[in-house]
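Dear colleague,

Please find below the structure that I am passing on to you. My notes on what was found in it follow directly after.

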Amino acid sequence: TYGPGSQCVIDFPGGRYKIKSKITLSAFAKLRSDGLVIFETEVYEDAAFHFTPSEGDCPINSAVVNKQQWFRGPFINGVSGGFVFRNNLPAEKCIGIELGPKSADLGVGLPFSRYSAIDFSVEGYGVALKFNRFHNYIASFNRAHLEQNTELVVFGDESGANVVDSGENIHFSDCVFAQSTTAFRWYCDGFDLHLTNCSMDYIGTIFRFSRLYKKITVTGGHMEGIGGLRAHDGIGGILLDESSHPDDRGINCQVYISGVCAYIEPGNMFRGSSRINLFLDIEYRKWGSANT
């Protein structure tokens, strides 16, 4: 009988917790800190934490599902101390937090929507935060700190399997994205991403696309040490388009960056294509030799 009126809240007293195998939580389960909580994880070739519809959750034809009322509050709530998700293994093939069902999961037909997370950190993974390709809707993340991961946020998976409603209206506000090869990567289309007052520091490539049907808005915040040798192919610090999908015809990707102070390392500042509309209103301060 899980649902908005019977949500499960798991309170963790401050301290260190060793995670040796994957933890799967119902879409209605929430984590709440009481003091600083550090999860030291050692889970290889999988996610340390996977939030997904599970047995006992609402059936697909229920009123809760039809109104997309999953979560209705922070599924990670670190306001009273904070959560740290820290990987103790080599980063490759390790995922910190995974959201939504995979193709073979029990809840593959159920939407995953109206969820939020606040005051948490993810460190040391191949992928810090992964959105699976089915039915991710209406998410907001506040004061998240994603640092020293190879890729910070990934939508979809490398198989390229795609659905048009793979996600919409994803918000990050007052977050820190730092020390990574790629900040945001898309293997699927259909996302609207909004970044507000976020800091992006020492990242190789901020936006990397395998599909292009989306709108991205960056408002306020700060960029520093973008591109250079950290870029995955040595070029394209801010924007990279490598989509060769047959459905990506014409201009179907809009990227807006406004009100941002940008410190860009020498090298190529942008890489894009005629299929992306890029709108810029930034304060640009260069380091070293001239940028291109």
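How many disulfides does a search of the whole structure find? The search finds zero disulfides. Please bear in mind that this is a predicted model, and that the result applies to the model as shown. Cysteine 94 is buried, with a relative accessible area of 1%. Cysteine 253 is buried as well, its relative accessible area being 0%.

Overall architecture

The protein is made up of one helix and 20 strands. It has 292 residues, of which 53% count as buried. Among the contacts with a separation of 6 or more, 71% are between residues 24 or more positions apart. The accessible surface comes to about 12,000 Å², and carbon and sulfur atoms account for 51% of that surface.

Salt bridges

Across the whole structure, 11 salt bridges were found.

Lysine 93 counts as partly exposed, because its relative accessibility is 45%.

Glutamate 98 and lysine 130 also meet through their side chains in a salt bridge, with an N to O distance of 4.0 Å. Here, too, distant parts of the chain are linked: glutamate 98 belongs to strand S7 and lysine 130 to strand S9 (residues 127-131), 32 residues apart. Are these two residues buried or exposed? Glutamate 98 has a relative accessibility of 1% and therefore counts as buried. Lysine 130, with a relative accessible area of 10%, is likewise buried.

Aspartate 248 is in the loop between strand S18 (239-241) and strand S19 (253-264), and arginine 211 is in the loop between strand S15 (199-209) and strand S16 (214-219). The pair links distant parts of the chain, 37 residues apart. Both aspartate 248 and arginine 211 are buried.

Finally, a network of salt bridges links Arg16, Lys18 and Glu40.

Threonine 41

Threonine 41 lies in strand S3. With a relative accessible area of 1%, threonine 41 is buried. Which residues does threonine 41 contact, leaving aside its neighbours within four places in sequence? They are Ile19, Ala48, Phe49, Arg86, Asn87, Asn88, Leu89 and Tyr125.

The largest pocket

The largest pocket has a volume of about 410 Å³. It is lined by 18 residues, and those closest to its centre are Gly126, Val127, Glu151, Glu158 and Tyr187. The elements that give two or more residues to the lining are S7, S9, strand S11 (151-155) and strand S13 (176-186). S13 provides the largest share of this lining, three residues.

Yours sincerely

Key:
Residues numbered from 1 in each chain as written. Predicted model: local features only at pLDDT ≥ 70, side-chain atom pairs only at ≥ 80, totals over all residues. Heavy atoms only, no water. Buried < 20%, exposed > 50% of the residue type's maximum accessible area, 1.4 Å probe, protein only. Helix = DSSP H or I, 4+ residues; strand = E, 2+ residues; numbered from the N terminus. Disulfide = S-S within 2.5 Å. Contact = heavy atoms within 4.5 Å. Areas by Shrake-Rupley, 256 points an atom, 1.4 Å probe, with all protein chains shown as cover. 1 Å grid on protein atoms, 1.4 Å probe; cavity = no way out; pocket = protein on both sides within 12 Å on 5 of 7 lines; lining within 4 Å. Points joined across faces, edges and corners; volume = space filled by probe spheres on them.
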